[in-house]
Amino acid sequence: MPFREVDLATEKAELKSALVLGVEKSGKTTLCGTMPKPTLHYCYDGEGYKRLAGIAGIKSVIVDGVNVTSEFEREINSLLITPRKYKWADGREEVYKSICFDPYSFHSDNVYEEEERKTSDRFMVYGNIMKNHKNFLGQVKRLAKSYYVVVTSHVEIKQDDTTGQKMMLADLNGKTRNSI
């Protein structure tokens with residue numbers, strides 16, 4: 001029989017984290033709004049969180065880039081240690097099921113600006129950016145043991161020098177985008 005029906009209500013979800021690439025206004029934030037509720041939404045796009053307005057079970061944290069590296073690392077570590085709770089309209093509290101980082105490419109820009117203020121050595125700037133991105137990806141893996149995690153990013157379209165094939169890469173500073 002070529003077709004088989006599966007009742008998804010009885011299946012256990014295996015996907016715990018995802019990297020979603022897309023051009024601006026392609027639905028990355030809207031996708032975050034479909035994650036299992038309650039959802040903690042880290043928004044790097046000043047007004048982007050408003051696309052999720054009116055959806056129960058979502059709290060947005062606006063990330064504005066001040067001391068972004070150290071503060072953000074502390075923020076994620078706190079989620080790993082002490083689960084946060086969402087307060088529903090009826091007063092009950094529930095531990096967040098999902099965390100979204102949207103779009104991480106803006107966070108990458110903030111990290112670049114922060115590193116550039118620290119030193120004029122370009123190699124050190126990009127080395128520190130790559131280290132920061134790799135640390136973040138490691139933290140996402142750890143978060144995915146307890147939460148559903150979605151990281152969104154704008155895309156950069158590159159053409160392969162050998163084949164001429166176009167590739168969509170995460171729009172991140174440094175060469176981290178090539179290794180994702």
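K25 lies in the loop between β1 (17-21) and α1. Helices (H or I, at least four residues) and strands (E, at least two) are DSSP runs, numbered from the N terminus. The model is predicted: local features need pLDDT of at least 70, side-chain atom pairs count only at pLDDT 80 or more, and totals for chains, interfaces and linings use all residues. Residues are numbered from 1 along each chain as its sequence is written, and side-chain values use heavy atoms, with hydrogens and water left out.

**Exercise 1. Describe the backbone and the exposure of K25.**

Step 1. Take phi. For K25 it is near 65 degrees, a positive value in a residue other than glycine.
Step 2. Most residues other than glycine have a negative phi, and most peptide bonds are trans.
Step 3. Take the accessibility. K25 counts as exposed because its relative accessibility is 62%. The classes are buried (under 20% relative accessible area), exposed (over 50%) and partly exposed (in between), with a 1.4 Å probe and protein chains only.

**Exercise 2. Check the length of helix α2, then sort its buried and exposed residues.**

Step 1. Compare the spans. The expected span of a helix is 1.5 Å times one less than its number of residues. For the 14 residues of α2 (residues 68-81) that should be 20 Å, and the end C-alpha atoms are 20 Å apart, which agrees.
Step 2. List the buried residues. They are V68, T69, F72, I76 and L79.
Step 3. Find the packing partners. The buried residues of α2 pack against β2 (39-43), β6 (98-102), α3 (104-118) and α4 (122-143). Contact means heavy atoms within 4.5 Å.

**Exercise 3. Work out the surroundings of S108.**

Step 1. Locate S108: helix α3.
Step 2. S108 counts as buried because its relative accessibility is 0%.
Step 3. Leave aside neighbours within four places in sequence. S108 is then in contact with H133, L172 and N173.
Step 4. The side chains of S108 and H133 make a polar contact (3.1 Å).

**Exercise 4. Compare the exposure of the partners in the salt bridge between K118 and E115.**

Step 1. Apply the rule. A salt bridge is a side-chain nitrogen of Lys or Arg within 4 Å of a carboxyl oxygen of Asp or Glu. The closest N and O atoms of K118 and E115 are 3.3 Å apart.
Step 2. K118 and E115 are 3 residues apart in helix α3, so about one helical turn separates them.
Step 3. K118 is exposed, with a relative accessible area of 55%, whereas E115 is buried, at 4%.
Step 4. Widen the view. The rule gives 8 salt bridges. D90, R92, E94 and K97 are linked in a network of them.

Conventions. A polar contact is a pair of N or O atoms within 3.5 Å; within protein, one must be able to donate a hydrogen and the other to accept it, and residues adjacent in sequence count only if both atoms are side-chain atoms.
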